[in-house]
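Please read it alongside the sequence and the 3D view.

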Amino acid sequence: MPGYVQVIERIPKPGKNEIVLQRSVGILKSLNRRGVVMESVSDATDRRVVGLLPFESIADLEAFHDGYRTNPDAIKSFEENSVDCDRVRMDILQVLESPVRPDGGPKYWARNLLVAKRGELPNLVAVMREMREMAESVTFGLTRTVGGNSDSLRVGIQLSSLDQLEDWNNELVSDKFQSYREKINTLTVQRTTELHRVEYSHQG
């Protein structure tokens, strides 16, 4: 199970989405390592291009950062892609539970951001782990941020199709999860949902 994920979220300027998307794919291919590039198809805020780079340990992530800082070509590619973006956001996520990859790989990713009330993150993680064990249509992953909002928990779901997403949404609102929905409501102050379509994935 990967221990950490480097997230790179780019908000392309108007008319630049496809350029930023394909450049992001090219950058990932040049790294010759595991990762995924996807674009939002339903988002809570701006349309975005998202890159995910998994690492087995924090030491592996640090080594990647060290290599980037000593690679002028990598820095140039990153900065050239950033020129066509309104904003670039970087996050490091610690993996608590990995999502199960569907046969043939994911076509979509659903990402949910849950913000816990102060002091309630451990309880929220426990509730979500119970739900993960009970879920039949998907097996979602759980991550928390290293930096940023320390009360946030991310739920990542790899999907083979939108039909699978619909199955999960129907399961989520079923009576089976009613008590869990109520617990989540009492433990959180915010929930945000995003849906992304995978453009390129490499498992290494």
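Which residue takes a positive phi in the hairpin of β6 and β7? In this predicted model, that residue is G147, with a phi near 100°. The hairpin has five residues between its two strands.

**Strand β7**

- Strand β7 spans residues 152–159, and eight of its eight residues are buried, so the strand is largely enclosed by the rest of the structure.
- Buried here stands for a relative accessible area under 20%.
- S152, R154, G156 and Q158 point one way from the strand, while L153, V155, I157 and L159 point the other way.
- Both sets of side positions are buried, including the charged residue R154.

**Pairing of β7**

- β7 pairs with strand β5 (residues 108–116) in the antiparallel sense, over eight bridges.
- Within that pairing, V115 has S152 of β7 as its bridge partner.
- β7 also pairs with strand β6 (residues 141–146), again in the antiparallel sense, over four bridges.

**Largest pocket**

- The volume of the largest pocket is about 950 Å³.
- Its lining consists of 44 residues, and those nearest the centre are V7, L52, L93, W109 and R111.
- Eight strands each supply at least two lining residues: β1 (4–12), β2 (35–42), β3 (49–55), β4 (85–97), β5, β6, β7 and β8 (188–202).
- Sorted by class, the lining holds 16 nonpolar, 17 polar and eleven charged residues.

**Second largest pocket**

- The second largest pocket has a volume of about 450 Å³.
- It is lined by 23 residues, and I27, L31, F64, Y68 and F78 lie nearest its centre.
- Two or more lining residues come from each of the strands β1, β2 and β3 and the helices α1 (17–31), α2 (58–69) and α3 (72–83).
- Helix α1 gives the most to this lining, with five residues.
- By class, the lining of the second largest pocket divides into 13 nonpolar, eight polar and two charged residues.

Key. Residues are numbered from 1 along each chain as its sequence is written. This is a predicted model: local features need pLDDT of at least 70, side-chain atom pairs count only at pLDDT 80 or more; totals for chains, interfaces and linings use all residues. Side-chain values use heavy atoms; hydrogens and water are left out. Buried means under 20% relative accessible area, exposed over 50%, partly exposed in between (1.4 Å probe, protein chains only). Two strands pair if DSSP finds at least two bridges between them. On a 1 Å grid over the protein atoms alone, a cavity is a set of points where a 1.4 Å probe fits but cannot get out, and a pocket is an open set with protein on both sides within 12 Å along at least five of seven lines; lining residues have an atom within 4 Å of a point. Grid points are joined across faces, edges and corners, and a volume is the space filled by probe spheres set on the points.
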